[in-house]
Amino acid sequence: MAENKDEKYMKAALAEARKAFDKQEVPIGSVVVCNEMIIARAHNLTETLKDPTAHAEMQVITAATNWLGGKYLTDCTIYVTVEPCAMCAGAIGWSQAAGLVYGASDEKRGYTGITGQLLHPKTRVSKGILEKECSELMVKFFREKRFNNPLKQNPSGPDV
């Protein structure tokens with residue numbers, strides 16, 4: 001069976017998420033597609049840059065608008081492995097992206113838990129694309145983080 005285009009581009013976003021995982025960053029990846037071509041790729045860099053706004057979506061929007069030479073992504077679709085947070089959804093809204101496609105939902109920090117319109121009214125949203133693969137990478141990351149954190153294993157603190 002032929003792979004559909006959303007799965008194809010989500011796999012590219014997953015490749016970015018794996019790069020983040022390998023850097024000990026929260027494994028979220030994103031790509032921007034315009035006219036059936038990936039014009040930007042990015043992953044979380046909050047730890048690397050020591051910048052709480054360096055989410056994959058923020059990085060990929062900047063790369064895409066630089067590539068296009070303008071601030072709007074009206075003919076583009078943003079693919080991201082996990083549902084964007086409110087900050088990123090707001091940025092996607094300001095970019096006027098034509099589409100947003102995400103893999104795994106984020107019940108704790110995802111934008112869909114926020115009341116009010118964060119995305120541009122014309123942005124088409126699809127969710128659940130390769131949801132299992134996107135979710136499994138996040139679960140693996142946080143499981144390893146907890147397992148490798150000595151304070152989580154011994155709440156009274158490290159052995160001295």
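## Strands S4 and S5

Let's start with strand S4 (residues 99-104), which pairs with S5 in the parallel sense over four bridges. Pairing here takes at least two DSSP bridges between two strands. For Leu100, the bridge partner in S5 is Val125. Helices (H or I, at least four residues) and strands (E, at least two) are DSSP runs, numbered from the N terminus.

This is a predicted model, where local features need pLDDT of at least 70, side-chain atom pairs count only at pLDDT 80 or more, and totals for chains, interfaces and linings use all residues. Residues are numbered from 1 along each chain as its sequence is written, and side-chain values use heavy atoms, leaving out hydrogens and water.

## The whole sheet

Zooming out, five strands form an open sheet in the order S2-S1-S3-S4-S5, with mixed pairing. The edges belong to S2 (37-43) and S5 (124-127); each has a single partner strand, so one side of each has no neighbour in the sheet. On average, neighbouring strands are turned by 15° against each other, direction ignored.

## Helices H1 and H5

Now for H1 (residues 5-22) and H5 (residues 131-147): they pack at about 5°, with axes 10 Å apart. Axes are lines fitted to C-alpha atoms, for helices over the stretch in contact, and angles run from 0 to 180 degrees between N-to-C directions. That makes H1 roughly parallel to H5 (angles under 35 degrees).

Who touches whom? Met10, Leu14, Ala17, Arg18 and Phe21 in H1 meet Glu133, Cys134, Leu137, Lys140, Phe141 and Glu144 in H5, contact meaning heavy atoms within 4.5 Å.

Technical notes. Angles under 35 degrees count as roughly parallel, over 145 as roughly antiparallel, 65 to 115 as roughly perpendicular and the rest as oblique.
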